[in-house]
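Welcome! Take a moment to look over the sequence and the 3D view, and then let us walk through a few places together.

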Amino acid sequence: MSVLIIAEQQQSCLDEATLSAVTAGSQLGEVDILVAGHDVADVAVQAQKINGVRKVLLADASVYAQGLAETLAPLIVQLADSYSHIIAAATSFGKNLLPRVAALLDCAPVSDVTSIVDTQTFVHPIYAGNAFQTVRSEQPKQLLTIRTTAFALAEVTAGQAIVENIAAVDAPQLSRFVDRSLTKSEHPELTTAKVVVSGGRGLGSAENFAALLNPLADTLNAAIGASRAAVDADYAPNDCQVGQTGKIVAPDLYIAIGISGAIQHLAGMKDSKVIVAINKDAEAPIFKVADYGLVADLHTAVPELIQQIKAIVH
Ligand SMILES: Cc1cc2nc3c(=O)[nH]c(=O)nc-3n(C[C@H](O)[C@H](O)[C@H](O)COP(=O)(O)OP(=O)(O)OC[C@H]3O[C@@H](n4cnc5c(N)ncnc54)[C@H](O)[C@@H]3O)c2cc1C
């Protein structure tokens, strides 16, 4: 079995999501990584050092500068013959790219895999994470996106993969890059942070959201998350949304503040190691998944919590 991992990178840095994909791939066979982009030699060097990687395929061309799925898909299709499995992380990038590759190869992809049973059998969540389905795929080639929180990060220490340069492949000019708006945040990235402080509609306004959550996140070096209701009400930007239609997180500590705990929200955070909930309604469903629950008004509880943490830390 040989496995092709599609690397994800930003600003010359290999994303951690790729390391999870390598761990998943290593359970299936020998792992090669495709690094496609423009001026990405540094990324190839990082990929080279990942333990267990056999070869890094480097497609360094201006056409791949923006990582458009439409231009990358034909490149991956051209490489596909040599691989039994093609894997990407189930991030926005992977979820956009892999179905296109699958369509071109006439394969059905298996999405959001959380566990690998054998080379053709995979477990993945369905019904917003309320059930796990075991799928056996009889297809000659398996295309998978993997849930990054379900696979540990591969180590980047002793790897000595060879780097092979590959040429760009012609792609139909059906789309073009227009603009990219990146949210700048002083907090850690949501999907990889060890601590996430998440706010819901209970915060009541964008001002309260910022005034209460930012200092708490600063104190804990936490990322900021939000429920969809909070995002829809413009308390927080869209890329903070945690849940079925947002990001999947599994930090060491998840603090849900003014979040009721709808199943669509739980789908994105219930694998967190420790869950703390602050809610004034003792019947709120979030308390069913919380390890620690505080029935209190967040306007008094959060400032007190910040004070207590500061007293311990300093
Ligand atoms: C197809 C679909 C996909 C969805 N995807 C997502 C998703 O990805 N992520 C997501 O989050 N939701 C998602 N939703 C929406 C989801 O169903 C809920 O509507 C949403 O999660 C509710 O957000 P909330 O908990 O912030 O708001 P609410 O349900 O309104 O809860 C607010 C909570 O704040 C508490 N509160 C109010 N004031 C205070 C106070 N002063 N102190 C303490 N507590 C207080 C209340 O008791 C309440 O429990 C989706 C829905 C659908 C249909």
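## Two glycines in one loop

G204 sits in the loop that runs between β13 and α5. Keep in mind as you look around that this is a predicted model. With a relative accessible area of 47%, G204 is partly exposed, because that label covers values between 20% and 50%. Along the chain, G204 and Q9 are 195 residues apart, and 36 Å separates their C-alpha atoms.

G202 also belongs to the loop between β13 (195-199) and α5 (206-220). Its relative accessibility is 40%, so G202 counts as partly exposed.

## Around the ligand

Now turn to the ligand. Which residues come nearest to it? Out of the 25 residues around the ligand, they are R201, S227, T245, S260 and N279. By class, the shell is made up of 14 polar, six nonpolar and five charged residues. Three helices each supply at least two residues of this shell: α6 (228-232), α7 (263-269) and α9 (298-313).

An N or O atom in the side chain of H265 is 2.9 Å from an oxygen atom of the ligand. The backbone takes part as well: a backbone N or O atom of G258 lies 3.0 Å from a ligand oxygen atom, and for G246 the corresponding distance is 3.4 Å. On its own the ligand has 990 Å² of accessible area, and the protein covers 76% of that. The space that the ligand takes up is the second largest pocket.

## A covered helix

Next, find helix α1, which spans residues 16-26. How many of its 11 residues are buried? The count is nine, so this helix is mostly covered, given that buried means under 20% relative accessible area. The buried residues of α1 include A17, T18, L19 and S20. A21, V22, T23, A24 and G25 are also among them.

## A buried aspartate and its partners

D32 lies in strand β4, which covers residues 30-37. Is D32 buried or exposed? Its relative accessible area is 1%, so D32 is buried.

The side chain of D32 has polar contacts with two side chains that you can look for. One joins it to the side chain of Y83 at 2.6 Å. Another links the side chains of D32 and R54 at 3.0 Å.

## Two residues with positive phi

Finally, here are two places to check the backbone angles. Q11 is not a glycine, yet its phi is positive, at about 45°. You will find Q11 in the loop between β2 (9-10) and β3 (13-14). Q11 has a relative accessibility of 68%, so it counts as exposed.

N221 also has a positive phi without being a glycine, with a value near 50°. The loop between α5 and β14 (223-226) is where N221 is found. At 56% relative accessibility, N221 counts as exposed, because the exposed label applies over 50%.

Methods: Residues numbered from 1 in each chain as written. Predicted model: local features only at pLDDT ≥ 70, side-chain atom pairs only at ≥ 80, totals over all residues. Heavy atoms only, no water. Near = heavy atom within 4 Å. Polar contact = N/O pair within 3.5 Å; in protein donor to acceptor, adjacent residues only side chain to side chain. Areas by Shrake-Rupley, 256 points an atom, 1.4 Å probe, with all protein chains shown as cover. 1 Å grid on protein atoms, 1.4 Å probe; cavity = no way out; pocket = protein on both sides within 12 Å on 5 of 7 lines; lining within 4 Å. Sits in = over half its atoms within 2 Å of the grid points. Helix = DSSP H or I, 4+ residues; strand = E, 2+ residues; numbered from the N terminus. Nonpolar A, V, L, I, M, F, W, Y, C, P; charged D, E, K, R; others polar. Buried < 20%, exposed > 50% of the residue type's maximum accessible area, 1.4 Å probe, protein only.
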